[in-house]
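Here is my note on this structure, written as numbered points. Keep the viewer open while you read and find each place as we come to it.

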Amino acid sequence: MALIDTDGGFRVSRRVYFDPQVHRRELDAIFKRSWFFVGHVSEIADAGDYVTRPLGVDPVIVNRDRDGRVHVMLNACSHRGVKLCRAERGHTKAHRCSYHGWAYGLDGACRAVTYEKEVYGPDLDKSRFNLPSARVETLHGLIFATWDHHGPALAESLGDMTYYFDALFGKFDNGFEVMGSPVRTRIAANWKSETENLSGDGYHTMITHETALRFGLFPSPEDVAGYGDPTGPKFPGRTVQCGNGHTIRIQHLPISTDPPGFLGYPEELWPEIQSNLKPGQVDIMARTSVTHGSVFPNLSFLENFKTATDGPGSMCRYTRLTLKVPLDEATSEIWWWHLVPVDASEKWKERSQRAYLRTNGPGGMFELDDNENFLGMAEANRGPVGLDQFYDYVAGSHHPDAHGLEWPGHVQDADRSEHTLRGFLAEWSRRMELTAVAEPAGSAPSPLPGR
Amino acid sequence: MTKARWVHPATAGGPAPLSVHQELGLFYAYEAELLDEWRLDEWLGLVDEGFTYLVPVPLVTDQHPQVGYDPAALFMDETKDSISENWAARLTDDNIAVSWADRPAVRTRRFTSALRVRSMERPDTYLARLNVRVEMVRQGAQPGNMTGERFDIVRRVGESFIIMSRFVVLLDAIVDAPRPRTIV
């Protein structure tokens with residue numbers, strides 16, 4: 001039985017999510033080889049700063065050396081495998097093991113072996129015991145790493161997603177910084193459930209989040225009418241398969257603004273947003289209601305504009321990153337970062353944090369109801385009959401492609417769609433070395449080939 | 001990023017009289033009943049108009065002793081108004097049918113201990129510290145919990161108290177409770 005069946009549709013076996021054998025295969029096929037987000041440069045601003053993170057599913061140290069370079073290495077002593085850094089965040093000159101005292105530099109090189117000559121003789125080659133190190137690249141302050149030293153560079157891997165990343169994270173002169181340490185949560189759900197949702201599922205919003213709609217947390221046309229010319233009641237949205245499993249959904253407020261209005265951001269920062277972006281990127285970020293997506297496999301981003309989070313009439317924007325780390329086929333650890341523009345005022349940063357925490361934060365209203373869906377999927381589909389069922393992902397396959405845009409990738413002119421979910425799953429399938437899948441009949445050609 | 005924006009309240013004041021400890025112990029038992037029964041509208045009557053509920057992000061650092069949280073980031077940031085408008089309002093007859101995570105409600109029991117009350121400079125105002133464990137059962141699943149220490153500023157009003165602010169330092173490094181959006 002095929003795990004993904006595109007014969008006349010787009011059906012995905014529930015074994016893809018809840019079969020332990022599929023999960024074990026994912027660890028090798030996907031979580032040893034991809035580029036993974038591990039943190040933001042502002043978390044390790046000074047030489048010697050470190051944080052501990054997962055790289056794929058393996059624990060790593062992310063630190064900055066004396067030359068300012070960022071290193072990512074396995075958080076396990078090369079001698080007996082004891083965890084080296086036991087804190088989540090700290091500052092050090094070296095990493096020393098608590099068992100036999102071996103010590104490693106900030107570049108992961110084995111620098112000292114206790115009683116070296118007595119225990120190992122005069123000819124020990126310590127370089128044999130350097131910590132396994134990952135390949136590291138940064139993009140707009142986001143640190144990515146991979147265990148694959150011979151695969152594509154980050155830019156090549158991101159492909160068309162780079163254009164959207166530049167719009168999201170490259171729009172301020174001095175970039176973003178983290179609003180403190182990430183939150184870690186654990187949920188009894190498969191890692192792909194939320195990742196698919198965040199890849200661009202605009203179909204669920206008005207159902208799952210109906211209370212938020214009732215409470216005015218979604219902007220209404222009336223809320224924003226004073227900021228531009230109304231274009232009608234509909235919030236226009238688009239979804240994009242960027243290739244390689246990366247995706248984005250972009251929804252706009254029903255207004256036109258001239259000059260471009262970046263509602264929710266401090267108005268004094270609007271000119272620099274416009275000057276840092278290409279026209280097509282301005283078109284993405286101006287009058288944005290929400291934009292979210294995923295970098296394959298497990299990083300999701302969300303930039304959201306919300307109203308009434310600080311009382312009637314308030315509005316603000318926030319940027320969130322979440323990383324979904326599979327612990328088993330039905331348990332995931334989620335890491336949550338909140339990013340703010342470095343040059344925003346302290347007052348704005350705190351308002352942005354409140355807007356984030358009350359909606360899309362780990363205890364926010366949106367997450368509360370989203371989690372019911374992800375938990376329910378894991379609870380209802382792990383029996384022998386449930387595992388034999390399929391999920392259907394054909395929604396929106398008849399939607400037209402968007403034309404006349406600068407935006408790269410396969411762009412569709414609608415966002416109540418599973419277009420991006422299919423893009424994510426097609427890459428998952430390719431990486432799992434299953435038969436390549438195609439878009440459902442009637443849709444545009446698959447973006448998969450030509451990677 | 002290490003800017004200390006939020007820290008737990010402290011006081012140089014001495015221990016409050018035993019009678020205040022006893023009264024506050026009963027107050028917190030009654031408060032737990034309201035929270036465990038999801039009677040948020042009544043619970044809101046126990047807090048000041050300017051009430052704030054802050055929970056910083058749990059964090060394990062290499063410092064000794066551990067503070068246990070990052071003063072530069074919050075996990076929860078609520079006020080009386082936001083809890084009224086975005087928490088309690090979900091439970092009304094009009095909204096409960098689409099408040100998916102609240103129907104069926106997560107069942108909770110709050111266990112409090114180690115209440116220590118110290119006087120603050122302002123008359124009839126106290127810093128109350130106590131340990132809290134919230135056991136939770138979501139639907140038919142196994143229980144989960146959140147554990148932390150409350151730092152409440154409370155003020156005597158007549159025969160009872162009103163909570164001016166609550167700052168909770170979570171023990172959980174990884175929040176795995178079935179309902180993280182909770183008044184601990």
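1. A:Pro297 sits in the loop that connects β19 (288–295) to β20 (299–307) of chain A. The peptide bond between A:Phe296 and A:Pro297 is cis, with omega about 5°. A word on the labels: helices (H or I, at least four residues) and strands (E, at least two) are DSSP runs, numbered from the N terminus.

2. Before going on, please note that this is a predicted model, in which local features need pLDDT of at least 70, side-chain atom pairs count only at pLDDT 80 or more, and totals for chains, interfaces and linings use all residues. Residues are numbered from 1 along each chain as its sequence is written, while chains are lettered from A and ligands numbered from 1 in the order in which they are written.

3. There is a cis peptide bond between A:Asp258 and A:Pro259 too, with omega about 5°. Look for A:Pro259 in the loop between β18 (255–256) and α10 (270–276) of chain A.

4. Now try two residues with positive phi. A:Tyr115, which is not a glycine, has phi near 50°, and its place is the loop between β10 (110–112) and α3 (116–120) of chain A. A:Arg287, also not a glycine, has phi near 45° and belongs to the loop between α11 (279–285) and β19 of chain A.

5. Are these two residues buried or exposed? The rule counts other C-beta atoms, placed from the backbone, within 10 Å of a residue's own: 20 or more is buried, 12 or fewer is exposed, and in between is partly exposed. A:Tyr115 has 9 C-beta neighbours inside 10 Å, so it counts as exposed. A:Arg287 has 23 other C-beta atoms within 10 Å and is therefore buried.

6. Chain A is assigned two domains, domain 1 (36–147) and domain 2 (160–431); such bounds come from an automatic or database domain assignment. Taken over C-alpha atoms, the centres of domain 1 and domain 2 of chain A are 33 Å apart. Their contact involves eleven residues of domain 1 and 14 residues of domain 2 of chain A, where contact means that two C-beta atoms, placed from the backbone, lie within 7 Å.

7. Which residues touch the most other members of the largest nonpolar core? They are A:Val38, A:Val60 and A:Val62, in a core of 138 residues. A nonpolar core is a set of buried Ala, Val, Leu, Ile, Met, Phe, Trp, Tyr and Cys residues joined through C-beta atoms within 7 Å. Helix α5 (residues 161–169) of chain A gives the most to this core, seven residues. Domain 1 (36–147) and domain 2 (160–431) of chain A each provide at least three residues of this core. Another core, of nine residues, lies apart from it and includes A:Leu217, A:Phe218, A:Ala308 and B:Trp100.

8. Where chains A and B meet, 33 residues of chain A and 30 residues of chain B take part in the contact. On the side of chain B that touches chain A, β2 and α3 (80–86) of chain B each supply at least two residues. The largest share of that side, seven residues, belongs to β2(B).

9. Chain B has an open sheet of six strands in the order β2-β1-β6-β5-β4-β3, with mixed pairing. Strands pair if DSSP finds at least two bridges between them. The edges are β2 (69–79) and β3 (107–119) of chain B; each has a single partner strand, so one side of each lacks a neighbour in the sheet.

10. Let's walk through some pairs. Strand β1 (residues 47–58) of chain B runs antiparallel to β2(B), with seven bridges joining them, and B:Thr52 faces B:Thr79 in β2(B). Twelve bridges link the antiparallel β4(B) and β5(B); there, B:Leu127 is opposite B:Ile153 in β5(B). For β5(B) and β6(B), also antiparallel, there are ten bridges.

11. Finally, see the turns. The hairpin of β4(B) and β5(B) has six residues between the strands, and B:Gln139 has a positive phi near 50°. In the hairpin of β5(B) and β6(B), two residues lie between the strands, and B:Gly158 in the turn has a positive phi of about 60°.
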